[in-house]
Amino acid sequence: MSNPILVIAEVRGGKLRQVSLEALQAARIAAGENAEISSVIIGSGITALAGELAGYTGGKVYAVDHPDLASYNAPAYLQAVKGIVLELQPNRVFLGHTAEGRDLAPQIAALIGAGQISDVIAIEPGEQYKRPIYAGKAFEEKRFLSSSGVVTVRPNNIPPASAADSPGEVVDREYAPPGDLRSIVRDVVRKAGGKVDLAEAKIVISGGRGVKSADGFRPLEELADVLGAAVGASRGACDAGYCDYALQIGQTGKVVTPEVYIACGISGAIQHLAGMSQSRVIIAVNKDPEAPIFKVADYGIVGDLFEVVPLLTAEFRKVLA
Ligand SMILES: Cc1cc2nc3c(=O)[nH]c(=O)nc-3n(C[C@H](O)[C@H](O)[C@H](O)COP(=O)(O)OP(=O)(O)OC[C@H]3O[C@@H](n4cnc5c(N)ncnc54)[C@H](O)[C@@H]3O)c2cc1C
């Protein structure tokens, strides 16, 4: 790859997102440890974050810092990266497979006439990109035929990049809002303000219709507090009004790949499995021993979640104390 490799980093809640370091590691795997990797960081008041990112990339970090870029806005963010992408003509562009990355990636691909491979979970020798298909029931390996390609990386699958031997240089870039900008995002109010980001959580505890009410999520939240986990849900629980749709995991919800996924009162419909079946260890708590979730679970507990979950919480509290 003669042209540079570009990583588009993401900022959330004033922090560099973990998936951006995973995208950087993907770039290193694809292009080789010694490849020149540049990156872009976009936001408002991001000087310190740009410096932090430079500590990982070792290459140039283009920082586009403007109050209008405090929250993701498609045309504004495209405008922010456009000049850099056209100037560098990168062979590869890596982003997180997040709401932001999924939106921005095809726009960048169109800009430079690149191919795109999305939702990558591993990079095999020969720059073969592995990704799940058919709701996680099978995998495919793809490679680029075009000279340039855009890749989005699923959170929690590729280990995050470690610090570079020597930090890179931060290059500030001006931002001029596009003339046809129709809206500016002033603020993002998150409805389900979980303490841990669901997409990047190492442990996820999910509740299904079996929790029976909004209050039924309490035991799950207590366990999540003890384990530093995020709380998720099935669509059944969301549809029943027990929790916000922001927690929904599955085909039409979020896709998560934590180290541990604990499904409580979830039957294990194929649409739910599409969002969690790649989790490293799956633990299911269900009172029905025939529930399909047990087919994908590494550990299964047949029992009433209102008895089992508080016991788990008490045990983990003891062990972790
Ligand atoms: C196009 C489409 C897209 C969809 N997208 C999604 C999606 O993204 N995510 C998703 O989750 N679903 C999705 N669904 C819905 C999916 O098909 C299922 O209906 C849904 O996942 C069921 O949710 P559930 O497992 O919570 O509920 P149920 O299937 O009703 O299961 C509840 C489970 O709780 C157990 N239980 C009850 N009480 C207790 C107790 N006290 N202790 C322990 N266990 C108990 C029961 O044995 C049962 O297994 C989609 C469906 C369609 C058609």
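In the predicted model, the centres of domain 1 and domain 2, taken over C-alpha atoms, are separated by 30 Å. The domain assignment places domain 1 at residues 5-173 and domain 2 at residues 198-320; such bounds come from an automatic or database domain assignment. Residues are numbered from 1 along each chain as its sequence is written. Because the model is predicted, local features need pLDDT of at least 70 and side-chain atom pairs count only at pLDDT 80 or more, while totals for chains, interfaces and linings use all residues.

Domain 1 contributes 12 residues to the contact between the domains, and domain 2 contributes 11 residues. Two residues are in contact if their C-beta atoms, placed from the backbone, lie within 7 Å. The side of domain 1 that touches domain 2 has 5 nonpolar, 5 polar and 2 charged residues. In this classification Ala, Val, Leu, Ile, Met, Phe, Trp, Tyr, Cys and Pro are nonpolar, Asp, Glu, Lys and Arg are charged, and the others, Gly among them, are polar.

Helices (H or I, at least four residues) and strands (E, at least two) are DSSP runs, numbered from the N terminus. Axes here are lines fitted to C-alpha atoms, for helices over the stretch in contact, and angles run from 0 to 180 degrees between N-to-C directions.

A further open sheet, of 3 strands, has the order S8-S9-S10 and antiparallel pairing. Strands S8 (122-124) and S10 (138-142) form the edges, each pairing on one side only. Neighbouring strands of this sheet are turned by 35° against each other on average, direction ignored. Strand S9 (residues 128-133) and S10 run antiparallel and are joined by 5 bridges, with Lys130 opposite Glu141 in S10.

Helices H3 (residues 74-88) and H4 (residues 99-112) pack at an angle of about 40°, with their axes 10 Å apart. H3 is therefore oblique to H4: angles under 35 degrees count as roughly parallel, over 145 as roughly antiparallel, 65 to 115 as roughly perpendicular and the rest as oblique. The crossing of H3 and H4 is right-handed; a crossing is right-handed if the near helix is turned clockwise from the far one by less than a right angle, and left-handed if anticlockwise. Residues of H3 in the contact include Tyr77, Leu78 and Val81, and those of H4 include Leu104, Ile108 and Leu111. The contact of H3 with H4 has 10 nonpolar, 1 polar and 2 charged residues.

Helices H5 (residues 218-227) and H9 (residues 305-320) pack at about 15°, with their axes 9 Å apart, so H5 is roughly parallel to H9. Their crossing is left-handed. Among the contacting residues are Leu220, Leu223 and Val226 of H5, and Phe306, Val309 and Phe316 of H9. By class, this contact comprises 11 nonpolar, 1 polar and 2 charged residues.

Technical notes. Pairing = 2+ DSSP bridges.
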